[in-house]
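Okay, thanks for making time, everyone.

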Amino acid sequence: MRSLCVEPFQNFSSQLPFVTVLRNSFVDTGARRTLTYCSPWKTNHKHEAVLFPPPSRPIRKSLCICLSSSAKLPMMEEKKKTFDANEAALLVKELNESFRSGKTKSYEWRVSQLKSIEKMVVEREKDICEALYKDLSKPEFEAFFSEIAMVKSSCKEALKELKHWMKPEKAKTSMETYPSSAEIVSEPLGAVLVISTWNYPFSLSVKPVIGAITAGNATVLKPSEIAPATSSLLSKLFEEYLDRSAVRVVEGDVPQTTALLEQKWDKIFYTGSPRVGRIIMTAAAKHLTPVVLELGGKCPAVIDSDVDLQVTARRIVAGKWQANNGQACISVDYIITTKDFAPKLIDALRKGIEECFGTDPMQSKDISRIVSSNHFSRLQSLMDEYKVYNKIVVGGQRNQKELKIAPTIFLDVPGDSQLMQEEIFGPLLPIITVENVKDSIDLINSKPKPLAAYLFTNNDKLRNYFVQSVSSGGMAINDTVLHLDFQMLQVTVSSLPFGGVGESGMGSYHGKFSFDAFSHKKAVLYRSFSGDSSVRYPPYTPEKQKLIKAVMNGGIFNIILALMGWSRD
Amino acid sequence: MEGVKGLESDLEAMRQYFRSGKTKDTAWRQSQLKGLLLFIKENEKHIFNALKKDLGKHPVEAYRDEAKLPRVALLSSAELVPEPLGLVLIISSWNFPFGISLEPLIGAIAAGNTAVLKPSELAPASSSLLANVLPTYLDNKAVKVIQGGPAVGERLLQQKWDKIFFTGSARVGRIIMSAAVNHLTPTVLELGGKSPAVVDSLASSWDKQVTVNRILVSKFGACAGQACIAIDYILVEKRFASTLVELMKVMIKKMFGENPRETNAIARIVNQQHFLRLKSLLRDPAVQNSIVYGGSLDEKNLFVEPTILVDPPLDAAIMTEEIFGPLLPIITLDNVEDSIAFINSKPKPLAIYAFIKNEKLKRRMLSETSSGSLVFNDAVIQYAADSLPFGGIGESGVGKYHGKFSFDTFSHYKAVTRRSFLTDFWYRFPPWNDYKLLLLEATYNFDYLGMLLVILGLKRRRQNSGGM
């Protein structure tokens, strides 16, 4: 973490509230973020700042910022050595060397790294929470259960199960007489790249890295530049706690990512949008690199009219506004319910919101803000579209300065509105009504496959029908986001795979599935020169005789055919 | 281009059919697999060799009898439900036109998908047999065979698929994967690569004999080396090379006769283009001198004699490209352990065959090399073991299939969790306070004592508590 001095750029100084210091903040040029600064008038005031690329003049160890409330100012930053394709190539070379040395493959190395991550999370919990607060105003509680606890439990599970996971899996040879033994050996892939995202900037970075380390790979993590404080913290912490020769962080945005993507990786793990997912996959095709893409999509929640209203409403509040204020790939995107039930549901949701965030959610400390002004304007334009602006039944307040939007519910927005066309990724929640709750399934199936689908019902028949006919990455019945955030609350420790299908992604991870995602399953077959001892001894069945004949003739295919019962002689 | 007329509307009809849920039905899957089995049985005469060599009947029967199908009815509180992906495309290659077409098709059907199969135009007889006869055994609303060359392939790749399964070269594999980006389609690429056989200096004459038999059968017997898992080249110690070569010379004659061209024991080269490719590999002046056996070519009959070369230059095309034909270079090393470094200096192969008795070297080979599969003391047979995944790594491919792995390849495993409305940790919901956080932490850590203490008010302060 570099601390940057901020001083007014001379030409503009008259227009700028005097800004003296950015407290321990790392900022990238072009980034938008909230800064805590001191001014002659107020202290510790939070503000959005836009950081401009340094002007062409000589750069000093200083920068100028522009506060969104005042005039725009160019800004300078300490000249950073740019990370280009050459440097990326060097990095990959170095990591490949470490990998080839074999050290990352050893059980001991993997355990030591996992323990270090665990230690890092325990010792630096405060720093992590602070960074998350800077990037997203993420409430500490949310930070704890969706970021810190998740990473901790991943580490714990990996440490506990690693030996078991690494053990070669004995494969049954299909026939008892098959003269060989076989196993499936999990081997690491090599150097892997993890590109993570900003909404859960810590856990969505560290969890895949845990998977990569567990499987014995050398890993580069590229955290999201949209959550700069966490990105910089990750870079610092990895350096401090992990084996630098095999685990690295590269910070940056498009140019750095492009430089990384030009390299040959053995796997690329990406979390983010389908648009960038396509860029990643195109780059991967050049080197035939397998990819895991964790994307998003519009996750529906279907609510039947026979549910326990209070519990349902609370769980939806949890799965929407409590999940990073809707900025989560698995948060509820829209609700489908019956016409008659909608008013009751809205009342219950209104009550639920009030219970959790108070009468004025804009003042609540328990809700995250919108990550950046880009995303704020995107959400704003969704809200202001003429087709939907008058459909708001709950909420609607916003504060551009603080990047806050209150939990907002829309009723009966048209299907062709932007709100129902793109992934919302924010605190807006449209409710679509249907005549019959079964109609919701056709509606869901007419859209791209979502990452998650939720159903609230007491009707077993509907539940089974839903599970059978709706295709989605994951599914929760009578709860939301549970299989991501709250899986550890359940009695069972063995994790479910997490991942999308179709537009919502490919590949899955979490727990053993992370290990598998970063492993190659090598088929190993052992044969001895002596052929097949059991067959050579009596009693001689006709099958065995055929086999021996085949062995004597030296034809491997004949052996197989004899075993399959194909041989005719 | 016949099959492509109205392609878009045909495919839309197939998607519609998939959405109707028909293909998800267990009975439907079983009936289709039975149909496939019947196709294989009744057309055995036509498809004899490729099928017997390549497919056997095991995977079909395994699926038909064991019915590894989703059991949606048995919903417990958390489970994985395998569900079909939708409409899948299978592009197969010419070297084993039936096996490589049908094996993935079995997986696609067993998993409950609708599928389009595009067999290779380079094996036209097989392709037309598949296109004309296979549909009479299967539900044509769900399975279609489309014939054609690159133009048709390109047209197919523009469509939206839920999975693309491709067998062929790395070059085309890249094209497939790039095309798949458009619709974010997951792909399985079954490619090839130079699969080496490492032969240790074996002492016993029995071992030597068995090794040579197994190598020769899997090189010259596997479609004349035109198999993605055929042995591409051999690594052997200098001192053992001549023993190996002499034994091979004798055994080639024994197995394939004095004049293999006439005994019909070795397959011909698939087409003239590939024949010329092999010819140019062999006619390279730098390679010429290294031929120690065979080397004759018959362009009219597209026949290449089993050929052994010793130490061709490592930068010659024969040692940089996948050979895919009956040419067998032998590379000599000072020490058999050097084979590990040699293999690691090249792209990861689809298979490594190690004829080794030394246990320590076996362990090193296992842990220090990487390949799709690793077979000790034999070759090519791993293809028939359907309990093992078959597939490459790195340049040799992405994804795996065979047996249960085929089913998995064409399925999406949907995680389903189920809760009742009764139990809820009340401290799951804001507004937050330290009390709730303590409880949450205790719950995450399965610290029941801690939970109790918190509830009783005996434990208050969190360690490392941040306090924003």
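This is a predicted model: local features need pLDDT of at least 70, side-chain atom pairs count only at pLDDT 80 or more; totals for chains, interfaces and linings use all residues.

With that, let's start in chain A, at A:Pro361. This proline sits in the loop that links helix H10 (342-357) to helix H11 (373-384) of chain A. Is A:Pro361 buried or exposed? Buried: its relative accessibility is 8%, and the cut-off for that label is under 20%. Leaving out residues up to four places away in sequence, A:Pro361 touches A:Ile367, A:Gln397, A:Ala406 and A:Pro407. Take A:Gln397 from that list: A:Pro361 and A:Gln397 are 36 residues apart in sequence, and their C-alpha atoms are 8.9 Å apart.

Zooming out for a second. Chain A has 18 helices and 21 strands, and of its 569 residues, 62% are buried. If you take contacts in chain A between residues at least 6 apart in sequence, 66% of them join residues at least 24 apart. The chain exposes about 21500 Å², with carbon and sulfur atoms supplying 52% of that.

One more stop in chain A, and this one brings in the other chain. A:Ser472 is in the loop between helix H14 (460-469) and strand S19 (474-477) of chain A. Its relative accessible area is 0%, so A:Ser472 is buried. What does A:Ser472 contact, once neighbours within four places in sequence are set aside? On the chain A side there are A:Pro450, A:Leu451, A:Ala452, A:Ala453 and A:Val501, and from chain B there are B:Glu83, B:His412 and B:Lys414. There's a polar feature as well: a polar atom of the A:Ser472 side chain lies 2.8 Å from the backbone oxygen of A:Gly474.

Okay, over to chain B. Here we get 19 helices and 17 strands, and 60% of the 468 residues count as buried. For contacts in chain B between residues at least 6 apart in sequence, 68% join residues at least 24 apart. Accessible surface is about 18000 Å², and 53% of that belongs to carbon and sulfur atoms.

Let's look at a sheet. In chain B, six strands make an open, mixed sheet, and the order is S4-S3-S2-S5-S6-S16. Strands S4 (143-145) and S16 (397-398) of chain B are at the edges with a single partner strand each, so each has one side with no neighbour in the sheet. Helix H1 (residues 7-19) of chain B packs on this sheet, touching strands S2 (87-91), S3 (114-118) and S4 of chain B, and its direction makes about 145° with that of S3(B). Further along, strand S5 (residues 163-167) and strand S6 (residues 187-190) of chain B run parallel, joined by four bridges. One detail there: B:Ile164 stands opposite B:Thr187 in S6(B).

Strand S6 of chain B also holds B:Glu190, which takes us to the annotation. An unreviewed UniProt entry lists B:Glu190 and B:Cys228 under "active site".

B:Glu190 is buried, at 3% relative accessible area. Not counting residues up to four places away, its contacts include B:Phe165, B:Phe390, B:Ser396, B:Lys400 and B:Tyr401. B:Cys228 is in the loop between helix H9 (205-220) and strand S8 (233-237) of chain B. At 15% relative accessibility, B:Cys228 counts as buried too. Beyond four places in sequence, B:Cys228 is in contact with, among others, B:Asn95, B:Leu191, B:Glu322 and B:Phe324.

Last stop: strand S13 (residues 327-333) of chain B. Seven of its seven residues are buried, so the strand is largely enclosed by the rest of the structure. In a regular strand, side chains alternate between the two faces of the sheet. Which residues cover the faces of S13(B)? One side has B:Leu327, B:Pro329, B:Ile331 and B:Leu333, the other has B:Leu328, B:Ile330 and B:Thr332, and all are buried.

As for partners, S8(B) runs parallel to S13(B) through four bridges, with B:Leu235 opposite B:Ile331. Strand S12 (residues 307-310) of chain B is also parallel to S13(B), again with four bridges, and there B:Thr307 has B:Leu327 as its bridge partner. That's my tour, thanks.

Terms used. Residues are numbered from 1 along each chain as its sequence is written. Chains are lettered from A and ligands numbered from 1 in the order in which they are written. Side-chain values use heavy atoms; hydrogens and water are left out. Two strands pair if DSSP finds at least two bridges between them. Helices (H or I, at least four residues) and strands (E, at least two) are DSSP runs, numbered from the N terminus. Contact means heavy atoms within 4.5 Å. Axes are lines fitted to C-alpha atoms, for helices over the stretch in contact, and angles run from 0 to 180 degrees between N-to-C directions. UniProt positions are given in the numbering used here, feature names are shortened, and annotations may be inferred rather than shown by experiment. Buried means under 20% relative accessible area, exposed over 50%, partly exposed in between (1.4 Å probe, protein chains only). Accessible areas come from the Shrake-Rupley method with a 1.4 Å probe; for residues, only the protein chains shown count as cover. A polar contact is a pair of N or O atoms within 3.5 Å; within protein, one must be able to donate a hydrogen and the other to accept it, and residues adjacent in sequence count only if both atoms are side-chain atoms.
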